[in-house]
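Please open the model in your viewer and keep the selection panel at hand. The tour goes from one selection to the next and says what is there at each stop.

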Amino acid sequence: MISKANTLPALKYLSAYPEHIQARVSQLIAKNELGPLLAQRYPHKHQVQTDKALYDYVTEIKQEFFRNSAAIAKVAFDSKIKVIQHALGTHTQISRIQGGKLKSKHEIRIASLFKNTAPEFLKMIVTHELAHLKEKDHNKAFYQLCQHIEPNYMQLEFDLRLYLTHQDLNSSSTDNY
Ligand SMILES: [Zn+2]
């Protein structure tokens, strides 16, 4: 079945993108082309399945780009993270004064849905959270840093949002999409 454009769900993951982009995505959905497109572009699943493996994966990238930053205290998949807008993962910095010096402890949590995604999407979300080691806000410097770590970052973030959109549509309807 092809849904009329005005009955399509709002593209909440793509709300920050220009209208003509959202219109194109709506067309792909209406023509049942979004799923096949994603499957073709991202055919593989990564093997990082445990918090330990995730810690090693994150640490390896951190060592390459942020060798001088403090070690990350904890890295974990977290099933409680609700995937909305910019909350795909969390990065927390716990600061305290110890012996007259400010000490920081970094923790990175990645939404568990990333356990079952393409390696490119895991790389994208880890890049995002690591970039927060240096830049707290989602500003221009932040995205430049993301692209320094992963040159294809902007495309991957967009495609991840397509993927999340597709997942949402598939879980809310079995027939129409
Ligand atoms: Zn962020």
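Which residues in α3 meet which residues in α4? Leu54, Tyr57, Val58, Ile61 and Lys62 in α3 meet Pro119, Leu122, Lys123, Val126 and Leu130 in α4, where contact means heavy atoms within 4.5 Å.

Before selecting more, note that this is a predicted model, in which local features need pLDDT of at least 70 and side-chain atom pairs count only at pLDDT 80 or more, while totals for chains, interfaces and linings use all residues. Residues are numbered from 1 along each chain as its sequence is written, and side-chain values use heavy atoms, with hydrogens and water left out.

**The whole chain**

From the N terminus on, the order of the elements is α-α-α-β-β-β-α-α-α. Of the 177 residues of the chain, 41% count as buried, a word that stands for under 20% relative accessible area, with a 1.4 Å probe and protein chains only.

**Helices α3 and α4**

Now select residues 51-65, which form α3, and look at how this helix packs with α4 at an angle of about 65 degrees, with their axes 11 Å apart; the axes are lines fitted to C-alpha atoms over the stretch in contact, and angles run from 0 to 180 degrees between N-to-C directions. The residues of this contact divide into 8 nonpolar, no polar and 2 charged, where Ala, Val, Leu, Ile, Met, Phe, Trp, Tyr, Cys and Pro count as nonpolar, Asp, Glu, Lys and Arg as charged, and the others, Gly among them, as polar.

**Helices α4 and α5**

Next, select residues 119-131 for α4 and residues 140-149 for α5, which pack at an angle of about 130 degrees with their axes 9 Å apart. The contact is made by Lys123, Thr127, His128 and Ala131 of α4 together with Phe142, Leu145, Cys146 and Ile149 of α5, and these residues divide into 5 nonpolar, 2 polar and 1 charged.

**The zinc ion**

Finally, select the zinc ion, which is coordinated at 2.1 Å by the NE2 atoms of His128, His132 and His138; donors are N, O and S atoms within 2.8 Å of the metal (3.2 Å for Na, K and Ca), and water is not among the atoms, so sites may look incomplete. The donor residues are spaced H-x3-H-x5-H in sequence. His128 is buried, with a relative accessible area of 4%, and His132 also counts as buried, at 10% relative accessibility.

Terms used
Buried means under 20% relative accessible area, exposed over 50%, partly exposed in between (1.4 Å probe, protein chains only). Helices (H or I, at least four residues) and strands (E, at least two) are DSSP runs, numbered from the N terminus.
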